[in-house]
Amino acid sequence: MGWRDRLERVGELVREFYDVRHRGALKRERRDEDDLFMLLVFSEMMGIENPASYYTLELLPLLYEGFHEWHIRMGMDHSPLENFRCC
Amino acid sequence: MTTLDLSGRSILFVGGKGGVGKSTTAGALAVSMADAGERVLLVSTDPAHSLADLFDTSIGDTEKEILPGLHALEIDPQAEVESYLSRVKATMRQYVRPAMYSEIERQIELTRHSPGAEEAALMDRVTALMDEGPKRHDRVIFDTAPTGHTLRLLALPEIMAAWTEGLLRSRDRSDSLGKAVSRLQRHKESRGHDMSWFDEIEEERGDERTRKIREVLMERRRRFSRARRLLLDPEVTAFVLVLIPEKLPILESEKTLDVLRKHKVPVAGVIVNRVLPDVPLGDFLESRRAQEAEYLARVDRSFAKLPRVRVPMLSSDVVGIEAIRGVGGYLFDPGTKS
């Protein structure tokens with residue numbers, strides 16, 4: 001392995017190191033945003049008055065798959081919504 | 001004689017306290033306009049409909065021609081809720097694993113009876129009629145429910161538009177973060193190690209979903225903001241306040257006018273129904289007339305900037321086309337139409 005190759009390899013490792021950290025931070029930020037979205041949509045079920053709860057119903061089928069991950073992440077082992085069984 | 005200048009206004013809301021003659025006024029305007037050769041759609045949004053009784057004929061949830069050029073319709077909010085729920089169920093079957101159907105169906109069933117559901121469904125229908133009605137008719141006249149209900153209905157598009165806006169912004173932020181993540185991902189793939197085929201399948205499903213969520217929200221926003229635009233456009237929409245010369249209806253109408261002004265809803269005028277006619281009435285009603293004069297003066301003061309039309313108390317109930325046409329003569333002068 002020549003010097004050039006070695007340098008490239010080191011550069012790649014450094015880039016990889018920062019990418020992973022950066023990627024992680026971005027992913028976390030995105031997840032927070034999505035959690036907020038879930039909270040806004042499901043707020044009525046959590047007892048927070050939501051004038052739009054009727055309109056959010058049409059989002060329910062699209063969000064349901066993410067619901068489990070969401071309530072686990074929110075620190076609730078079981079679905080907090082008495083009307084909305086999950087696990 | 002003062003009549004209302006409604007020329008060019010294709011959407012009219014007739015509103016006021018319960019029992020002051022909203023339906024009669026809306027019906028009378030509709031008949032006069034149809035008589036003048038306009039195509040008119042008369043819509044009742046009051047869950048306790050009275051158009052059918054007024055016109056002494058059956059009227060349902062679909063447009064029915066009750067005079068040449070005049071169609072009428074009584075919105076059934078529950079039917080509206082049902083059709084919305086079945087649309088949601090159809091989406092569900094497309095996006096959700098069958099194992100989850102029953103949970104979501106349960107949620108949908110709960111919404112059927114939730115307090116805001118009928119109101120929201122009603123607004124959906126009113127919004128759609130404001131949008132499409134004027135394509136088929138020269139005028140769409142809404143005979144509204146008692147004031148509080150109607151003011152809320154008029155304020156909803158604003159609240160909802162702000163809410164959808166917030167959700168869409170949240171989606172935007174999430175999407176741009178997602179794009180940044182996948183740019184880094186590609187960067188990594190270009191360097192070789194590859195387990196990405198697995199992520200990609202998951203991502204594609206997620207993307208389709210994300211796209212659909214955005215689509216649903218955009219459609220909502222489009223409809224809310226269009227309703228709001230129409231509602232506030234003085235070239236298109238006018239609110240007609242109906243009252244009778246008595247204390248409570250006047251107080252309520254004053255408050256209504258404040259709210260309408262605050263929301264910038266254009267107001268075309270005030271109809272004062274059941275004014276004692278200018279004929280000798282005997283001692284009892286003459287003392288009543290003295291009190292009425294005070295109320296009429298108050299109406300003139302409170303609504304000084306608006307055209308005010310007085311309709312006398314009639315010798316019999318207004319039922320059926322001929323009687324309605326008679327009232328119309330006080331309200332609307334076909335000569336003023338554009």
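B:Arg274 sits in strand E7 of chain B. Helices and strands here are DSSP runs, numbered from the N terminus, with at least four residues (H or I) for a helix and at least two (E) for a strand. B:Arg274 has a positive phi of about 60°, and it is not a glycine. For background, most residues other than glycine have a negative phi. B:Arg274 counts as partly exposed, because it has 18 C-beta neighbours inside 10 Å. The cut-offs: buried is 20 or more other C-beta atoms within 10 Å of a residue's own, exposed is 12 or fewer, partly exposed is in between, and C-beta atoms are placed from the backbone.

A word on provenance. This is a predicted model; local features need pLDDT of at least 70, side-chain atom pairs count only at pLDDT 80 or more, and totals for chains, interfaces and linings use all residues. Residues are numbered from 1 along each chain as its sequence is written, and chains are lettered from A and ligands numbered from 1 in the order in which they are written.

Back to phi. B:Lys264 also has a positive phi of about 60° without being a glycine. B:Lys264 lies in the loop between H8 and strand E7 (267-275) of chain B. Is B:Lys264 buried or exposed? B:Lys264 is exposed, because 10 other C-beta atoms lie within 10 Å.

At the other end of H8 is B:Glu246, in the loop between strand E6 (237-243) and helix H8 (247-262). B:Glu246 is partly exposed, with 14 other C-beta atoms within 10 Å. B:Gln291 is 45 residues away from B:Glu246 in sequence, yet the C-alpha to C-alpha separation is 8.9 Å.

Next, B:Val309, in strand E8 (residues 308-312) of chain B. B:Val309 is buried, since 21 other C-beta atoms lie within 10 Å. Beyond four places in sequence, its contacts include B:Thr2, B:Leu4, B:Ile271 and B:Leu331. Contact means C-beta atoms, placed from the backbone, within 7 Å. B:Leu331 is 22 residues along the chain from B:Val309, with C-alpha atoms 6.7 Å apart.

Now the core. A nonpolar core is a set of buried Ala, Val, Leu, Ile, Met, Phe, Trp, Tyr and Cys residues joined through C-beta atoms within 7 Å. The largest one has 90 residues, and B:Leu12, B:Ala30, B:Leu42, B:Ile141 and B:Val240 touch the most other members. H5(B) gives the most to this core, 8 residues. Take B:Ile141: beyond four places in sequence, its contacts include B:Leu12, B:Ala30 and B:Leu42.

On to H5(B). Its 20 residues should span 28 Å, and the end C-alpha atoms are 28 Å apart, so the two agree. The expected span is 1.5 Å times one less than the number of residues. Where is the kink in H5(B)? It lies at B:Met130, about 35°, shortly before the proline B:Pro134. The bend is the angle between axes fitted to the seven residues ending there and the seven starting there. B:Met130 is among the buried residues of H5(B), as are B:Leu129 and B:Gly133.

Last, the interface. Chain A has 3 helices and 0 strands. Of its 87 residues, 21% are buried. How many residues of chain B are in contact with chain A? The count is 37, against 28 residues of chain A. The largest share of the chain B side, 15 residues, comes from H6(B). By class, that side has 20 nonpolar, 9 polar and 8 charged residues. Nonpolar means Ala, Val, Leu, Ile, Met, Phe, Trp, Tyr, Cys and Pro; charged means Asp, Glu, Lys and Arg; the others, Gly among them, are polar.

Definitions and conventions. Two residues are in contact if their C-beta atoms, placed from the backbone, lie within 7 Å.
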